[in-house]
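Let's take a friendly look at aromatic rings and how they meet. A pair of aromatic rings is described by the distance of the centres and the angle of the planes.

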Amino acid sequence: QNLTIYPRNVLDQQQYFFNGNLGLDYHKDHSQLALWAPSAKTVSVYIYPYYNSDLTNYSRKIDLQRQANGVWQTKLKGDQAGN
């Protein structure tokens, strides 16, 4: 088992500072997802057909792209309401 140890307050450094919007930014023609996870190696979002779907029953897996300062983002085209 590999563990990564981060020294205390390391994420307080300027290289990890982010002053933008995180979470979901919904618009009728697109949606943007942003997550702050500076220690992550990959980040994926799973889209399910229903809110109570079995965890293995996802309809789409979307890999987010790493941006500056430990932020992961993706832009989904089209109206994502209800997805």
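Ring pairs join Y46, Y48 and Y58 into a cluster. This is a predicted model, in which local features need pLDDT of at least 70 and side-chain atom pairs count only at pLDDT 80 or more, while totals for chains, interfaces and linings use all residues. Residues are numbered from 1 along each chain as its sequence is written, and side-chain values use heavy atoms, with hydrogens and water left out.

The structure holds two aromatic pairs (rings of Phe, Tyr and Trp, the last by its six-membered ring, pair if their centres lie within 6.5 Å; planes under 30 degrees apart are stacked, over 60 edge-to-face, and the rest tilted). Here they are:

| Pair | Centre distance | Plane angle | Class |
|---|---|---|---|
| Y46 and Y58 | 4.7 Å | 75° | edge-to-face |
| Y48 and Y58 | 6.4 Å | 80° | edge-to-face |

Strands here are DSSP runs of E with at least two residues, numbered from the N terminus. Y48 and Y58 both lie in the loop between β3 and β4, so their pair ties together parts ten residues apart in sequence.

How accessible is Y46? Y46 is partly exposed at 38% relative accessibility (buried is under 20% relative accessible area, exposed over 50%, partly exposed in between, with a 1.4 Å probe and protein chains only). Y58 is partly exposed too, at 37%, and Y48 is partly exposed at 24%.

Conventions
Helices (H or I, at least four residues) and strands (E, at least two) are DSSP runs, numbered from the N terminus.
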